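Student: Could you take me through this structure? I would like to begin with the overall picture and then go into particular elements.

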Amino acid sequence: MKDLKNIVLVLCMLLWLPVSGLSQGRFVRLETEADSLRIKAVADSLRADSLHRAAVKDSLMKAREPVLRAMRNKVEGSYNFWIYTPAGYDSKDTLCKDTPLVLFLHGKSLCGHDLEKVRRYGSIDCMERGRHIQALVVAPQNPGEWWNPDKLCKILDWLKVEYPYDTARVYVLGMSLGGYGTLDFTGSYPEKVAAAMALCGGCTLKDMQGLGKVPLWILHGTADKAVGIGESKRVVSALQAAGNDQRLRYDWLQGASHGALARAFYMFRTYDWLFRHSLKDQGRPLCKDFTITNIDLKSAYQDMNKDLPAPEVIDD
């Protein structure tokens, strides 16, 4: 503000000055080389100050490296979890409240009480392998039961205070048991989920119609021997029968096994598709701009950036 006042003062002095001998109150514009140089000097000074401020901000952002932090016994009556904060994120910076949040729900093989297991595959492992996603990534650990939507909701509520995020851009994805959890949570709290992707799972809800309120992508392999494709087809049929499938897309991947779909967690397009949606979208339309095929799954790791620094892991 002080700089702005200075330049206004200089302009008033140099561009519109009273001239001796003329009647009072009359002004003429003086355009001299000296005046131009003085104005340019002030403008250059302001520009240099602006560039300096931008450089300082950029330096601070780079100093905030990505972090993966273990959260144990933080949310009463809920799960322990990992939270990944991307480079540049600071929970105390009000600008970071526009950061989206991805909720990753693992399958049965990662259940238990050893939080390290959750790093074996999925969205957290994706970040550690060199995939950069500008979002908070939250990965709870299920002790060995069906995912509980209310417990997951408690984590999101706690994070709103401790790690502010854009509540209009919360995305859920999971596989197998986590695929069930994705659909159970999304169907129970459709007003909280901007978009969801369920891989080789199903749904335990008696009333699945809440799923029709959310842009939803269901994928299942036809050769899945762990969770039969019929589980996903049952969800699709329920929404179609009710005429509630305008926001639903689904793909049955020919010959794909249960484990093959885990590769989807490592693909940019998975997150690109999710991020195309927001609770603020009028009518909450479904994005159809992306595809995921068997060929895409096979090449999921090819463009991982191994030169990106791994997030600092804090487990205290």
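Tutor: The discussion below goes from the whole chain to single strands, helices and loop residues. Please bear in mind that this is a predicted model.

Student: Fine. How many helices and strands are there in the protein chain?

Tutor: The secondary structure comprises eight helices and 11 strands.

Student: And what share of the residues is buried?

Tutor: Of the 316 residues in the protein chain, 47% are buried. The chain exposes about 16,300 Å², of which carbon and sulfur atoms supply 52%.

Student: Let us turn to strand E7. How many of its residues are buried?

Tutor: Strand E7 covers residues 170-175, and six of the six are buried, so the strand is largely enclosed by the rest of the structure.

Student: Which residues point which way from E7?

Tutor: Val170, Val172 and Gly174 point one way, Tyr171, Leu173 and Met175 point the other way, and all are buried. In a regular strand, side chains alternate between the two faces of the sheet.

Student: Which strands pair with E7?

Tutor: Strand E5, residues 101-105, runs parallel to E7 and is joined to it by five bridges. Strand E8, residues 195-199, also pairs with E7 in the parallel sense, over five bridges.

Student: Can you give me specific bridge partners?

Tutor: Leucine 101 has valine 170 of E7 as its bridge partner. Towards E8, valine 172 is partnered by alanine 196, and methionine 175 stands opposite leucine 199.

Student: Is E8 mostly covered or mostly open?

Tutor: E8 is mostly covered, with five of its five residues buried. Ala195, Met197 and Leu199 point one way from the strand, while Ala196 and Ala198 point the other way.

Student: Which strand pairs with E8 over four bridges?

Tutor: That is E9, which pairs with E8 in the parallel sense. Within this pairing, alanine 198 has isoleucine 218 of E9 as its bridge partner.

Student: What do E7 and E8 make together with helix H5?

Tutor: E7, helix H5 (residues 177-188) and E8 make a right-handed β-α-β unit.

Student: Now the helices. What span should H6 have, and how far apart are its ends?

Tutor: Helix H6 has 12 residues, 230-241, and at 1.5 Å a residue it should span 16 Å; its end C-alpha atoms are 16 Å apart, which agrees.

Student: Which residues of H6 are buried?

Tutor: They are Ser232, Val235, Val236 and Leu239. These residues cover an arc of only 95 degrees around the axis, which puts them on the same side of H6. As a general point, an α-helix has 3.6 residues a turn, so residues three or four places apart point the same way.

Student: What covers that side?

Tutor: The cover over the buried residues of H6 includes H5, strand E9 (216-221) and strand E10 (248-253).

Student: And what follows H6?

Tutor: Glycine 243 follows H6, and its phi is positive, near 65 degrees.

Student: Which residues are buried in H7?

Tutor: In helix H7, residues 268-275, the buried residues are Thr270, Tyr271, Trp273 and Leu274. They cover an arc of only 155 degrees around the axis, which puts them on the same side of H7. Their cover includes E5, helix H3 (123-129), E7, E8, E9 and E10.

Student: Changing topic to the loops: where is aspartate 166?

Tutor: Aspartate 166 is in the loop between H4 and E7. Its relative accessibility is 14%, and it counts as buried because the cut-off for buried is under 20%. Apart from neighbours within four places in sequence, aspartate 166 is in contact with Lys97, Asp98 and Thr99.

Student: And where is asparagine 148?

Tutor: Asparagine 148 lies in the loop between strand E6 (136-140) and helix H4 (149-162). This residue is partly exposed, with a relative accessible area of 26%. The C-alpha atoms of asparagine 148 and serine 78 are separated by 8.7 Å, although the two residues are 70 residues apart along the chain.

Methods:
Residues are numbered from 1 along each chain as its sequence is written. This is a predicted model: local features need pLDDT of at least 70, side-chain atom pairs count only at pLDDT 80 or more; totals for chains, interfaces and linings use all residues. Side-chain values use heavy atoms; hydrogens and water are left out. Helices (H or I, at least four residues) and strands (E, at least two) are DSSP runs, numbered from the N terminus. Buried means under 20% relative accessible area, exposed over 50%, partly exposed in between (1.4 Å probe, protein chains only). Accessible areas come from the Shrake-Rupley method with a 1.4 Å probe; for residues, only the protein chains shown count as cover. Two strands pair if DSSP finds at least two bridges between them. A crossover is right-handed if, with the strands pointing away from the viewer, the path from the first strand over the helix to the second runs clockwise. The expected span of a helix is 1.5 Å times one less than its number of residues. The arc is that of the directions from the helix axis to the C-beta atoms. Contact means heavy atoms within 4.5 Å.
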